[in-house]
Amino acid sequence: MIPLEYMPPLMFGGLVVFMLIGFPVAFSLSAVGLAFGFLAIEWGYFPLQFLQAVPSRIFGSVLANELLLAIPFFTFMGAILEKCGLAEDMLDSMGQLFGPVRGGLGYSVIIVGFILGAITGTVAAQVIAMAMISLPVMMRYRYNMKYATGVLAASGTITQLVPPSLVLVVLADQLKTPMGSADVGSMYLGAWGPSVVQILLFALYTFVLTRIKPDWLPPVPPEARTLRGWPLWAKCLRGIIPCAVLIFLVLGTIMLGIATPTESGAMGAVGALVLAVIRDKGFNRIDRNIYRIGIGATLVAAAVGVFAFGSHAFRIPLAVAYLVVLWLLIRAGQLTELRLLIVEAYQSTARITAMVVFILIGSTCFSVVFQGVDGGAWVEHLFTSLPGGWIGFLIVVNLFIFFLAFFLDFFEIAFIVVPMLAPVAVKVLAPVVADSMGGNPEAAATAALVWFGVMLCVNMQTSFMHPPFGFALFYLRGIAPKEVKSSDIYWGALPWVGLQLVMVLLVMFWPGMVTGLLDKGSLKHSNSAEVSIPLGGQESESKPGGPASTPGTLELPSSSESEPATPQFQFEKSK
């Protein structure tokens, strides 16, 4: 019989062994969770009824979780935008705009990476699209290969942090504790500051290189610039304005409270299809005229809505705009190349969504049993006993996540590790941000979780970059010409990984970068509900907010209005 205090570390060690031998993560989680669950039942650590929480959470908090619907919507949007030609036009126009200055192509890649990150949300699509377009141009103008491959990989991974990042959606779903919880809107607001600072950091590094190593980043020759003046600016605006509209549909509607993350994801998917249609070669004169009518109707509805929102004068042009969108969606199914692209996007979305759901089911099995054998108390004791207070806690956690990212994808880290660390994080970090949140304990708890989540998101960017396992480097190696050496790709990534780690330190010691935009008065969380089921003839006793260290205790935060309520169970062992 294994003592109770040894069960949590043995569970974690067993999971590591399963993953090291190459067993799929989702099934590793389920196998370890159920195996230790049956052992815990056999040794009396909790009863058989305790495992009822597993199907309850799977059907109540996973399969019925409307927030997770945002994942397929954003994935589909990114898959459509990946091949509709938007990246090509933006990189070409930005490259010519910044071409006259040293490092101009590097600046254009950084800016376009930031813009595409705000509308695609997928690293693979962004790295591949930008590398296929920009790498040959950089090679033609004799850019240093270490810099060229590094800036392409780093600018592609910025999509991990820029809203509407899938990582932020997943982290918002996992950062739920009895003291507070993070929502998608707060995560998006918190991520904007670090996103902009990181882009500035990348641009500053490029500028410094142009001064130290000017021959590494030469300007584009004048004869290579085909556009100048207003035609060049017009081409830039043709790429930026549709992106700005799509960014508003996805992010503006969430931040203004107009739509939930799921609804904004649906609007983003529709917007991506419309953008793909108007950029398709089969978009004819009739389609263009109808599209212009839709633009005019939208502008009229927006102008009337300022003064008479909900009136007939507002609804009629809005209905016309809806009909135009419907026409464009019908045309998307009629255009052969675009129809094939939509089928590919559906297949890619289905694969990613199925992977996420299976990992969630496996992590539910693991986390229920882990909490049942007092794993929460073990993790809390492990991290709260570290020297250095909150700084020591953040340093150890970030080092742990950094090395874990060598082997695990961000989905796996978010579903396995983050739920274990969230209760400790809110306990340790809430006092740090309490003053900046006006002394509101609920707002401080939520701000602490948002700060912690964004910091982990910045850290997990490195999982795509650090040699030898970074997926962004694999993508580059797969599409780069043979004359690009693998050593250039790997050595070129190291300075950018260093910049990302500097960004982690900035977020760690400057929490206001994340919490500055958060609402200090209206950040709320739902109180957790807990049901106590007595065993061995004991009298029932409700324990709201009881200690998490009681063996056989599982604490589940109650769902928001958009999620079905999920009960919490507390089992008391018979003595």
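This report walks through the fold, the core, the salt bridges and one surface patch of the chain shown above.

The model is predicted: local features need pLDDT of at least 70, side-chain atom pairs count only at pLDDT 80 or more, and totals for chains, interfaces and linings use all residues. Residues are numbered from 1 along each chain as its sequence is written, and side-chain values use heavy atoms, with hydrogens and water left out.

## The chain as a whole

Let's start with the overall picture. The secondary structure comes to 23 helices and three strands; helices (H or I, at least four residues) and strands (E, at least two) are DSSP runs, numbered from the N terminus. The chain has 575 residues, and 53% of them count as buried. Here buried means under 20% relative accessible area, exposed means over 50%, and partly exposed lies in between (1.4 Å probe, protein chains only).

Accessible areas come from the Shrake-Rupley method with a 1.4 Å probe; for residues, only the protein chains shown count as cover. Among contacts (heavy atoms within 4.5 Å) with a separation of 6 or more, 77% are between residues 24 or more positions apart.

## Inside the fold

Which residues have the most contacts inside the largest nonpolar core? They are Ile-80, Leu-171, Leu-175, Met-187, Phe-393, Leu-429 and Phe-452, in a core of 174 residues. Helix α20 (residues 441-460) gives the largest share of this core, 15 residues. A nonpolar core is a set of buried Ala, Val, Leu, Ile, Met, Phe, Trp, Tyr and Cys residues joined through side-chain atoms within 4.5 Å. Take Phe-393 as an example: leaving out residues up to four places away in sequence, Phe-393 touches Phe-383, Leu-386, Val-424, Ala-425, Val-428, Leu-429 and Phe-452.

Ser-155 sits in helix α8 (residues 145-157). Ser-155 counts as buried because its relative accessibility is 1%. Its side chain reaches the backbone oxygen of Val-151 at 2.8 Å. Beyond its neighbours within four places in sequence, Ser-155 is in contact with Val-109, Ile-110, Gly-113, Gln-126 and Met-130.

## Salt bridges

Side chains of opposite charge can pair when their charged atoms come close. The rule for a salt bridge is a side-chain nitrogen of Lys or Arg within 4 Å of a carboxyl oxygen of Asp or Glu, and by this rule the count comes to three.

| Pair | N to O distance |
|---|---|
| Lys-146 and Asp-488 | 3.5 Å |
| Lys-176 and Asp-173 | 3.9 Å |
| Asp-287 and Arg-331 | 2.9 Å |

The pair of Lys-146 in helix α8 and Asp-488 in helix α22 (residues 486-509) links distant parts of the chain, 342 residues apart. Lys-146 is partly exposed because its relative accessible area is 35%, while Asp-488 counts as buried at 14% relative accessibility.

Lys-176 is partly exposed at 23% relative accessible area, and its partner Asp-173 is buried at 10%.

Are Asp-287 and Arg-331 buried or exposed? Asp-287 is buried, and so is Arg-331.

Val-17, Ile-21, Phe-23, Phe-27 and Phe-358 make a nonpolar surface patch of about 520 Å². Patches are made of residues with over 30% relative accessible area and no salt bridge: like charges are joined within 9 Å, and nonpolar side chains (Val, Leu, Ile, Met, Phe, Trp, Tyr) within 5 Å. Phe-358 counts as partly exposed because its relative accessibility is 47%.

How values were computed
Polar contact = N/O pair within 3.5 Å; in protein donor to acceptor, adjacent residues only side chain to side chain.
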